[in-house]
Amino acid sequence: MYWLNVDFLTNISKLHEEGCRYCKPRASLAKDRGRLGRDGGWLPFNSVEEAKKYHDDNLDKMIWQPCKVCLPGKDKLSI
């Protein structure tokens, strides 16, 4: 499982593996879990490709950034 942290304030969509120490998918007043809120949100995906396709189709103006700690899809970082 992968989590895409969509952050409208920084204009970055960062992909994490579920076990990453920086992956904290919880809802707050500004960011939702499983959907987008005012400032973004945490969106779950089954694969790196699925997350990247969602990003390209819906968030193409944002920066795509795989986490540099957990390296999701280690062999697919060039996506």
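Modeller: Let's go from the overall layout down to single residues. Keep in mind that this is a predicted model.

Biologist: Okay, what does the secondary structure come to, and what pattern does the protein follow along the sequence?

Modeller: There is 1 helix and there are 5 strands. Going along the sequence, the pattern reads β-β-β-β-α-β. The radius of gyration is 11 Å, close to the 12 Å that the globule rule gives for 79 residues, so the protein is as compact as a globular protein of that length. The C-alpha trace spans about 35 × 25 × 20 Å along its principal axes.

Biologist: Now the sheet. In what order do the strands lie?

Modeller: The general idea comes before the case: strands of a sheet pair through backbone hydrogen bonds, either parallel or antiparallel. Here, 5 strands make an open sheet in the order 3-4-1-2-5, with mixed pairing. At the edges sit strand 3 (31–33) and strand 5 (63–66), each of which pairs on one side only. On average, neighbouring strands of this sheet are turned by 20° against each other, ignoring direction.

Biologist: Which way do strand 1 and strand 2 run, parallel or antiparallel?

Modeller: Strand 1 (residues 2–7) and strand 2 (residues 12–17) run antiparallel, with 6 bridges joining them. To find your place in that pair, look for Tyr2, which stands opposite Glu17 in strand 2.

Biologist: And how many bridges join strand 2 to strand 5?

Modeller: That pair has 4 bridges, and its strands run parallel. A handy landmark there is Ile12, standing opposite Ile63 in strand 5.

Biologist: What about the hairpin of strand 1 and strand 2: how many residues lie between the strands?

Modeller: There are 4 residues between them, and Asn11 in this hairpin takes a positive phi near 65°. What to notice is that this is a positive value in a residue other than glycine. Asn11 is partly exposed, at a relative accessible area of 33%.

Biologist: Where is Leu71 found, and what is its phi?

Modeller: Leu71 is in the segment after strand 5. Its phi is near 45°, again a positive value in a residue other than glycine. With a relative accessible area of 34%, Leu71 is partly exposed.

Biologist: Let's turn to the helix. Which strands does helix 1 lie across?

Modeller: Helix 1 (residues 48–58) lies across strand 1, strand 2, strand 4 (40–45) and strand 5. Relative to strand 5, helix 1 runs at about 165°.

Biologist: How do I read the nonpolar cores? Which residues make up the largest one?

Modeller: The general idea is that in soluble globular proteins, nonpolar side chains tend to be buried together. In this model, the largest nonpolar core has 11 residues: Tyr2, Leu4, Val6, Leu15, Leu43, Phe45, Val48, Ala51, Leu59, Met62 and Trp64. Strand 1, strand 4 and helix 1 are the elements that give two or more residues to this core. Strand 1 gives the most, with 3 residues. Another core, of 6 residues, lies apart from that one and has among its members Trp3, Cys20, Trp42 and Cys70.

Biologist: Then a single residue. Is His16 buried or exposed?

Modeller: His16, which is found in strand 2, counts as buried because its relative accessibility is 3%, and the cut-off for buried is under 20%. Leaving out residues up to four places away in sequence, His16 touches Met1, Tyr2, Trp3, Asn5, Tyr22, Cys23, Trp42, Cys67, Cys70 and Pro72.

Biologist: Last one: what are the values for the whole protein?

Modeller: Of the 79 residues, 44% count as buried. The protein exposes about 4900 Å², and carbon and sulfur atoms supply 51% of that area. For contacts with a separation of 6 or more, residues 24 or more positions apart account for 57%.

Terms used
Residues are numbered from 1 along each chain as its sequence is written. This is a predicted model: local features need pLDDT of at least 70, side-chain atom pairs count only at pLDDT 80 or more; totals for chains, interfaces and linings use all residues. Side-chain values use heavy atoms; hydrogens and water are left out. Two strands pair if DSSP finds at least two bridges between them. Axes are lines fitted to C-alpha atoms, for helices over the stretch in contact, and angles run from 0 to 180 degrees between N-to-C directions. Contact means heavy atoms within 4.5 Å. A nonpolar core is a set of buried Ala, Val, Leu, Ile, Met, Phe, Trp, Tyr and Cys residues joined through side-chain atoms within 4.5 Å. Buried means under 20% relative accessible area, exposed over 50%, partly exposed in between (1.4 Å probe, protein chains only). The radius of gyration is taken over C-alpha atoms; the globule rule is 2.2 Å times the number of residues to the power 0.38. Accessible areas come from the Shrake-Rupley method with a 1.4 Å probe; for residues, only the protein chains shown count as cover.
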